[in-house]
Amino acid sequence: MPFRFIAIIFSLCLLLSSCLTQADQKTEADQMVKSLHTAIQKHHWDEAAKLFDPNYFKQYPKDVWIKQFNNAFQDLGEIKSFNLSSQQKDPRFGGDFYIYIISIVHTHGISHETITLVKPINGDPMLITGYQFKAKSH
């Protein structure tokens with residue numbers, strides 16, 4: 001009898017935990033990264049900024065963020081392609097984190113970016129919460 005009770009409780013726990021786990025949002029994250037890259041490549045900064053958590057620009061001013069791209073375009077030329085180096089999903093208590101590391105090929109050089117997107121478990125929309133951009137010299 002105790003074994004059957006434990007087995008039932010264990011089964012219920014597994015069932016409940018699977019119901020609480022949200023579905024994988026990788027397709028949405030991939031699309032957001034693609035939208036970001038399209039906006040950056042076209043220099044549509046306001047369109048790109050809409051994909052970010054507003055708190056990001058409180059820590060890293062939007063004009064500084066834009067200036068880094070303009071400097072890179074001036075030094076390295078326009079973007080020819082975006083090449084995914086790695087991606088990772090990191091499920092956490094508050095939601096799923098998606099991390100992309102991308103190599104960007106310019107006309108005269110290479111830059112790299114790391115993008116962090118978060119899909120909160122509370123149903124809020126997925127947003128970019130972290131972004132690092134590093135230009136390499138020619």
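Over the ring of which residue does the charged end of R92 sit? I looked this up before anything else. The model I consulted is a predicted one. In it, the charged end of R92 sits over the ring of F97, 4.0 Å from the centre of that ring.

**Entry: the chain as a whole**

I then noted the secondary structure, which comes to five helices and four strands. Along the sequence I read the order α-α-α-α-α-β-β-β-β. The chain has 138 residues, and 35% of them count as buried. I also looked up the contacts with a separation of 6 or more, and 52% of these are accounted for by residues 24 or more positions apart.

**Entry: helix α5**

I turned next to helix α5, which covers residues 62-76 and has 15 residues. From its first C-alpha to its last, α5 reaches 21 Å, close to the 21 Å expected at 1.5 Å a residue. I asked which residues of α5 are buried. They are W65, I66, Q68, F69, A72, F73 and L76. These residues lie on the same side of α5, because they cover an arc of only 150° around the axis. On the face of α5 turned away from the buried side, I found the exposed residues D63, K67 and Q74. Just after α5, I noted that G77 takes a positive phi of about 90°.

**Entry: aromatic pairs**

My search of the whole structure for aromatic pairs gave 14. I examined W45 and W65, which form an edge-to-face pair with 5.9 Å centre to centre and 85° between the planes. This pair links distant parts of the chain, since W45 belongs to helix α3 (residues 45-49) and W65 to helix α5, 20 residues apart. Are W45 and W65 buried or exposed? W45 is buried, with a relative accessible area of 12%. W65 is also buried, and its relative accessible area is 0%.

I then looked up F52 and F57, whose aromatic pair is tilted, at 5.1 Å centre to centre and 50° between the planes. Both F52 and F57 are buried.

Finally, I asked which residues form one aromatic cluster. I listed W45, F52, Y56, F57, Y60, W65, F69, F73, Y131 and F133.

Notes:
Residues numbered from 1 in each chain as written. Predicted model: local features only at pLDDT ≥ 70, side-chain atom pairs only at ≥ 80, totals over all residues. Heavy atoms only, no water. Helix = DSSP H or I, 4+ residues; strand = E, 2+ residues; numbered from the N terminus. Expected span 1.5 Å × (residues − 1). Buried < 20%, exposed > 50% of the residue type's maximum accessible area, 1.4 Å probe, protein only. Arc of directions from axis to C-beta. Contact = heavy atoms within 4.5 Å. Phe/Tyr/Trp six-rings, centres within 6.5 Å; stacked < 30°, edge-to-face > 60°. Lys NZ or Arg CZ within 6 Å of the ring centre and 35° of its normal.
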